[in-house]
Amino acid sequence: MPTEILMPALSPTMEEGTLAKWLVKEGDTVNAGDLLAEIETDKATMEFEAVDEGTIGKILVEEGSEGVKVNTPIAVLLEEGESADDIASGSASAPEADAAAEPEKDEKAGGEGSGKGKAAEPVAQSDTPAPAAPKDEKGERIFASPLARRIAAEKGLDLTQIKGSGPHGRIVRADVEGAKPTAAPAKEAAKPADKAPAPAAPSGPSPDAVMAMYEGREFEEVKLDGMRKTIAARLTEAKQTVPHFYLRREIRLDALMKFRADLNKQLEPRGVKLSVNDFIIKACALALQAVPDANAVWAGDKVLKLKPSDVAVAVAIEGGLFTPVLKDAEMKSLSALSAEMKDLAKRARDRKLAPQEYQGGTFAISNLGMFGIENFDAVINPPHGAILAVGAGLKKPVVGADGELTVATVMSVTLSVDHRVIDGAMGADLLRQIVENLENPMVMLA
């Protein structure tokens, strides 16, 4: 029976994508690991590889097609002994495929991106190639998804003894998990507890009403790309479902600026130049270690406390933004953080980041100081527990320790906090630690 290759979910937020380019044509023979196509997501263009062997029997979606929904059949894979004549009778029709293509929840891949009948996966998320399709006592092939075959092989299960609940009796992940021959169909599996509720419909005039409102006026209609749609959806969800509260502090930067200048002079022969942002990343990473209960994310019915400080940093790109994550930031030197941040920022602007490089983390930094913004409130990026909004360092009159009036470089910061994860006192303690690290930069080298 021919196997449908489905449009993959290459990121947790992906609902549709553009099939940018086919790297194979009908009649080509492919093996596990061969590249099939290039898929444009809301974040990047990624290569898509096969996880099963066979022949491309038919391409269902032409290259350049936009708005292809996840789990839509995009091609048909023929296995040994099958021909193109088998496609009409052996392959599910598009409506049947859509109804049957509910995700096989793959926790390792973030609970998305697998589907019944799937014959390919993104390169960044591919696993060990699936074992060859087994045969029963009569020598007939047993139809099972690549993921189900991998799990069965790991558990030592006999697929001939398992009843499939997928399309046309195909064995899927839910059938082999728990070593139960008649497991509940994947479509009946419980939804993840950490799935955020769908945001309520936004208030305000409808799109048609907005268009009518500006009828007769000169305007340019800008089509939303995948990234812009995703940003709109996630920020709407965040503001509607995350109980934000805000903590504000001012930080004196004079000691940091002098320390940075001295370090950069010493590092100049190595071609290293530290930015204020590098110090902010390090200060936040160490603060999360000092207040470990704040190094956490919201997971629906639980809070997950992480041990390492994985700090995300917002990077503006044309048409949107990325938040690449610097993992184990508390363990890295300032020069290492600086080099890594420059590399991540460059590849973010080129849209060359892999999903694992911009997913995860517990805490984020958004710095608009270089644009002259004095202060602002940032929106939390779920499931993070907090985000630090950083303004510009400005010369201001301040009262010194002895009561004298002096001038200092002062930077305003605002900590946006998810109250489900971090309470007021804990948030205040976290922000205090960040301030102390930046006002006493030598301690960050200890």
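This is a predicted model: local features need pLDDT of at least 70, side-chain atom pairs count only at pLDDT 80 or more; totals for chains, interfaces and linings use all residues.
In soluble globular proteins, nonpolar side chains tend to be buried together. Beyond residues up to four places away in sequence, Leu388 touches, among others, Ile280, Cys284, Phe363, Val413, Leu415, Leu431 and Ile434.

Thr362 is found in the loop between helix H10 (355–358) and strand S17 (363–367). Thr362 counts as buried because its relative accessible area is 0%, which falls under the 20% cut-off. Its side chain makes a polar contact of 2.6 Å with the side chain of Asn295, and, leaving aside residues up to four places away in sequence, the residues that Thr362 touches include Leu288, Val297, Leu306, Asp310 and His384.

Most residues other than glycine have a negative phi, and most peptide bonds are trans. A cis peptide bond, with omega of about 10°, joins Pro382 and Pro383, and Pro383 lies in the loop between S17 and strand S18 (386–399). Asn71, in the loop between strand S7 (65–69) and strand S8 (73–78), has a positive phi near 75° and is buried at 10% relative accessibility. Arg351, in the loop between helix H9 (334–349) and H10, has a positive phi of about 55° although it is not a glycine, and at 27% relative accessibility Arg351 counts as partly exposed.

Definitions and conventions: Residues are numbered from 1 along each chain as its sequence is written. Side-chain values use heavy atoms; hydrogens and water are left out. Helices (H or I, at least four residues) and strands (E, at least two) are DSSP runs, numbered from the N terminus. Buried means under 20% relative accessible area, exposed over 50%, partly exposed in between (1.4 Å probe, protein chains only). A polar contact is a pair of N or O atoms within 3.5 Å; within protein, one must be able to donate a hydrogen and the other to accept it, and residues adjacent in sequence count only if both atoms are side-chain atoms. Contact means heavy atoms within 4.5 Å.
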